[in-house]
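I opened this notebook to keep track of what I looked up, entry by entry. The structure comes next, and my notes follow it.

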Amino acid sequence: MRRIAEPFQDTPGGLLPALHAVQDALGHVPREGVPVIAEVFNLSRAEVHGVLTYYHHFRTEAPPRHVVQVCRAESCQAMGAEALMAHVQLTLGCGGHGQAHGSRSADGRFGVEPVYCLGLCASSPALAVDGEPHARMSPARFDALIAEHIA
Ligand code: FES
């Protein structure tokens, strides 16, 4: 981690690019790296932690293997996105229904995130599995999709 952060040490505002570089290299910015990064930039751990948690782009845990993004924008809301989100979370063991920034299964295998429009409004409700969008989704269609996709 030190090796990744040090090239940004003397750059004004170098903390953010350093955090991006760490996440690009490791897939996340491990919490145990905060003291190392703080030392590189001569900042307190609280300052680094503050930046890390302020930007939702940064993850402090390894990303889940599979990510399901459920659209919660207007058209999908009108077509049952809330119920779909609840079903997806229950099915994948990603509790925390209603969490604004997503949730993940206890084993880290699945993550569920809200998104706001996938461009499939005419075929709502929509979701994406590992970046691949799917329209006219229902709980039953999701079950079939996930069995096929993950099997
Ligand atoms: Fe859901 Fe546009 S509102 S895809």
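In which sense do E2 and E3 pair, and over how many bridges? I found that E2 and E3 pair in the antiparallel sense over two bridges, where strands count as paired if DSSP finds at least two bridges between them. I took helices (H or I, at least four residues) and strands (E, at least two) as DSSP runs, numbered from the N terminus.

Before going on, I noted that this is a predicted model, in which local features need pLDDT of at least 70 and side-chain atom pairs count only at pLDDT 80 or more, while totals for chains, interfaces and linings use all residues. Residues are numbered from 1 along each chain as its sequence is written, and side-chain values use heavy atoms, with hydrogens and water left out.

**Entry: the sheet.** I traced five strands that form an open sheet with mixed pairing, in the order E2-E3-E1-E4-E5. E2 and strand E5 (132–134) stand at the edges with a single partner strand each, so one side of each has no neighbour in the sheet. I then looked at strand E1 (residues 66–71), which runs parallel to E3 and is joined to it by six bridges; valine 70 has proline 114 as its bridge partner in E3, and glutamine 69 has glutamate 113. Five of the six residues of E3 are buried (under 20% relative accessible area, with exposed meaning over 50% and partly exposed in between, for a 1.4 Å probe and protein chains only), so E3 is largely enclosed by the rest of the structure.

**Entry: the hairpin.** I returned to E2 and E3, which form a hairpin with five residues between them, and in the turn I found glycine 108 with a positive phi of about 75°. On the strands themselves, serine 103 stands opposite valine 112 in E3. Serine 105 lies in the loop between strand E2 (103–104) and strand E3 (110–115), and with a relative accessible area of 6% it is buried. Its side chain makes a polar contact of 2.6 Å with the side chain of aspartate 107; such a contact is a pair of N or O atoms within 3.5 Å, where within protein one must be able to donate a hydrogen and the other to accept it, and residues adjacent in sequence count only if both atoms are side-chain atoms.

**Entry: helix H7.** I saw that H7 packs on the sheet, touching E1, E3, strand E4 (127–129) and E5, contact meaning heavy atoms within 4.5 Å. Leucine 145 is found in helix H7 and, at 13% relative accessibility, counts as buried. Leaving aside neighbours within four places in sequence, I listed the contacts of leucine 145 as Leu127, Val129, His134 and Met137.

**Entry: backbone details.** Which backbone values did I set apart, and why? Most residues other than glycine have a negative phi, and most peptide bonds are trans. Asparagine 42 has a positive phi of about 55° although it is not a glycine, and at 71% relative accessibility it counts as exposed. Cysteine 117 likewise has a positive phi, of about 90°, without being a glycine; cysteine 117 is in the loop between E3 and E4 and, at 38% relative accessibility, counts as partly exposed. Proline 125 is found in the loop between E3 and E4, and the peptide bond from serine 124 to proline 125 is cis, with omega near -5°.

Technical notes: Axes fitted to C-alpha atoms, helices over the stretch in contact; angles between N-to-C directions.
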